[in-house]
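I opened the notebook to look up salt bridges. The entries below follow the order of my search.

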Amino acid sequence: MTPHPFEDPRGRFLVLADEEGRHSLWPSFTEAPAGWRTVFGEDTRDACVEYVETHWTDLRPASPAAGRG
């Protein structure tokens with residue numbers, strides 16, 4: 001059985017981010033959705049997950065997080 005493209009351990013991925021700073025793992029073979037930009041990759045799934053875990057430490061969207069002190 002073929003793995004789901006978002007879970008393929010042998011796949012190549014990108015890390016996307018939106019204007020709120022949210023991150024998403026994205027298969028490199030498909031176009032990023034509108035409003036998202038590439039911030040890391042193309043690389044392995046593990047490398048992209050590691051990037052997300054080290055760079056997206058505040059999971060709140062940027063606009064509500066900015067209003068909190």
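Entry 1. I set the exposure classes before anything else: buried means under 20% relative accessible area, exposed means over 50%, and partly exposed lies in between (1.4 Å probe, protein chains only). I note that this is a predicted model, where local features need pLDDT of at least 70, side-chain atom pairs count only at pLDDT 80 or more, and totals for chains, interfaces and linings use all residues. Residues are numbered from 1 along each chain as its sequence is written, and side-chain values use heavy atoms, with hydrogens and water left out.

Entry 2. I counted a salt bridge where a side-chain nitrogen of Lys or Arg is within 4 Å of a carboxyl oxygen of Asp or Glu. Searching the whole structure gave me 3 salt bridges.

Entry 3. I looked up E42 and found its side chain in a salt bridge with R12, at 3.4 Å from N to O. This pair links distant parts of the chain, 30 residues apart: E42 is in strand β3 (residues 36-44) and R12 in strand β1 (residues 12-18). Strands here are DSSP runs of E, at least two residues, numbered from the N terminus. E42 is partly exposed at 45% relative accessible area, and R12 is partly exposed at 38%.

Entry 4. Next I took R22, which forms a salt bridge with D18; their closest N and O atoms are 2.8 Å apart. Is D18 buried or exposed? I have D18 as buried, at 7% relative accessibility. R22 is partly exposed, at 34%.

Entry 5. I ended with D58 and R60, whose side chains meet in a salt bridge of 2.7 Å, N to O. D58 is partly exposed at 34%, and R60 is partly exposed at 32%.

Conventions: Helix = DSSP H or I, 4+ residues; strand = E, 2+ residues; numbered from the N terminus.
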